[in-house]
Amino acid sequence: MSRRLERRPAFAVTVTVVFFAWLYLPIVAVVLFSFNSVKSLATFQGFSTRWYVDFFHDSSLITSLTASLGIAAVAAAGSLILGTMLALGLERIRSRSGRAIGAVTLLPLVTPEIVTGVAALLFFTGLGMKLSLVTVTLAEITFSIAYVTVIVRGRLASMSPEVEEAARDLGCTPWQAVRQVILPTLVPALLGSGLLVFALVFDDFVLAFFTTGVDPQPLPVRIYSSIRFGVSPAINAVGTLMLAFSALLIVLALLVPRLFHRKTSTLDLIAGGERP
Amino acid sequence: MATREVTRPSAPATPPAGRRTSVQRTKLWGTLLALPTAWIVGFFVSSMVIVVLLSFGRTQRDGRPVFGTRLTNYDALWNEVYLRLFLRSLTYAVVTTLICALIAFPVAYAIALHGGRFKSVLIAAIVVPFFASYLIRMYAWSALLSDDGVVNSALRKAGLGGVQFLNTPYAVIGGLVYGYVVFMILPVYASLERMDLSLIEAGKDLYHGPLRTFFSVTLPATRAGLFGGMLLVFLPALGDFVSAQLLGGPKTYMIGNLIQQQFLEGQNWPLGSAMTVAMMIGLTVLMVIYLRATTTRNREQA
């Protein structure tokens, strides 16, 4: 590298610094005011945890929190199973119908979420199903399969097929080869995408909004209804807890592949980047 | 990763165990595909079909939606109020996409070329908040920008007087940019990482000046990332309704708000379905034009 390239471009660096400030400003504000001792959202009067105490004593908020955790867990498990099956099938099958299926399964990724939400609402009511946490979970699984498939396929594509061939030569049935050779190598990708889906579903508002019943509601839907009645410090406390929890999950999802000493991390798969 | 996939033969050069295994294997892959495909067709595809069917239906007097074969819902869309709203959504989404591109290039450039060993940490620092609750982040802006929020009380203290941020197009577009800019930064960053950085240096020698270098070297080399990012931002921005709901008002409502009202407030599901279908058709047409234009250009480039 020459010296010219090492010199920092003032413009790009300035934009980046301003960008990071803008990115974190609202997050810092939510966290800060969640510890405010008074109701004001403009001035910080003193440190207090009263809004957190309020939250943990609000049984309907706690019910919503448990509901969201349950939905996220079931949706992560369901989409992991279906998404991995899909990834294995798509990556290895070499037919025209395989490619067509591949395209169809990516559709949920490029469809605006509101469209998916509307369609799911009509689907469930059309079948005469009562809207509840079950319908939310079914919709979330459908929406999350594509994420798992994309990440797992990325990992499969970088695996050399020779290992699997070797297992077959040693007398494994195709299913044994999958179970004993491919699945163990996929563990980091599976953990990473499972955590990612858990975080996405736990936070998801739009799809949950369209497919939920009245009671109990998933946490984001519950928060949305209280925001519409005005800003309150209690929301800051819930928001802080949610931000911290999802941040933790995402950081874990990013770190998992590193723990397994893999060169590609989940982040690279999301960014589509390659290490030089 | 990608290169290895390309060089890998699509079938083993010498199938070790003859024909029977390959039949057996195809059967396994087919079995694995069956369940998830059935799930996606059963839930996703069929629910889309219901939306299309209901868009030709009507609402009965008792409020229940029924299927039909009438075009009345589409006729109803063709009025000035709705058309203006469609145009507004389109404008917001396009402006959002452009602003995201303007932010993404310098940020991705600074990180890719000058991030050093902090590259991954910096990218993670961008990704982590974006995967955390979209709703909470929009709420955070609405609290910051409200009339008695931090920004306005600071302005008043400075003697500048309050500014009404909320209920303006600026707030709504700002929210959309905040919500989706990561989808532009990541692909642009990835294509910058992939390009040969000595080209930029050569460009500086050749063209003298960062702007000319950017337009004749960096931009063409990162075109794929930019085009991909534009799609990833435009699609969710056009369908968004949370930003306009929390940071805007009726004057800044987008298609998403209109659809949401038909389903959860107005209870005119057939009309809402027609709006949804109209939006999807509009998006598909735009997408086809866009993909055609960008792929021919890429081909010319190659």
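Over all chains of this predicted model, the structure holds 30 aromatic pairs, a pair being two rings of Phe, Tyr or Trp (its six-membered ring) whose centres lie within 6.5 Å, with planes under 30 degrees apart counted as stacked, over 60 as edge-to-face and the rest as tilted. One of them joins A:Trp22 and B:Tyr178 edge-to-face, at 5.0 Å centre to centre and 90° between the planes. This pair crosses between chains, running from helix α2 (residues 10-34) of chain A to helix α8 (residues 169-180) of chain B; helices are DSSP runs (H or I, at least four residues), numbered from the N terminus. A:Trp22 counts as partly exposed because its relative accessibility is 23%, whereas B:Tyr178 counts as buried at 0%. These classes take buried as under 20% relative accessible area, exposed as over 50% and partly exposed as in between (1.4 Å probe, protein chains only). Both residues belong to one aromatic cluster, formed by A:Phe19, A:Phe20, A:Trp22, B:Phe130, B:Trp141 and B:Tyr178.

The contact between the two chains takes 105 residues from chain A and 97 residues from chain B, contact meaning heavy atoms within 4.5 Å. The area buried between them is about 9000 Å², and carbon and sulfur atoms give 78% of it; buried area is the accessible area (1.4 Å probe) that two parts lose on being put together, summed over both. Between chain B and chain A there are 0 salt bridges, a salt bridge being a side-chain nitrogen of Lys or Arg within 4 Å of a carboxyl oxygen of Asp or Glu. On the side of chain B that touches chain A, helix α2 (residues 18-54) of chain B gives the most, with 24 residues. The residues of that side divide into 63 nonpolar, 22 polar and 12 charged, where Ala, Val, Leu, Ile, Met, Phe, Trp, Tyr, Cys and Pro count as nonpolar, Asp, Glu, Lys and Arg as charged, and the others, Gly among them, as polar.

Over all chains, the count comes to 3 salt bridges. In chain A, A:Glu91 forms one with A:Arg153, the closest N and O atoms being 3.2 Å apart. A:Glu91 lies in helix α4 and A:Arg153 in helix α7 (residues 133-157), so the pair ties together parts that are 62 residues apart in sequence. A:Glu91 is buried at 4% relative accessibility, while A:Arg153 is partly exposed at 29%. In chain B, the side chains of B:Arg84 and B:Glu80 meet at 2.5 Å, N to O, in a salt bridge. Both lie in helix α4 (residues 80-114) of chain B, 4 residues apart, about one turn of the helix, and both are exposed. B:Lys119 forms a salt bridge with B:Glu193 at 3.0 Å between the closest N and O atoms. Here helix α5 (residues 119-131) holds B:Lys119 and helix α9 (residues 182-194) holds B:Glu193, so parts 74 residues apart in sequence are tied together.

Helix α4 (residues 59-92) of chain A also holds A:Ser79, which is buried, with a relative accessible area of 0%. Leaving aside neighbours within four places in sequence, A:Ser79 is in contact with A:Thr84, A:Ile141, A:Ser144, A:Ile145, A:Val148 and A:Val197.

Residues are numbered from 1 along each chain as its sequence is written, and chains are lettered from A and ligands numbered from 1 in the order in which they are written. In this predicted model, local features need pLDDT of at least 70, side-chain atom pairs count only at pLDDT 80 or more, and totals for chains, interfaces and linings use all residues, while side-chain values use heavy atoms, with hydrogens and water left out.

Technical notes: Helix = DSSP H or I, 4+ residues; strand = E, 2+ residues; numbered from the N terminus.
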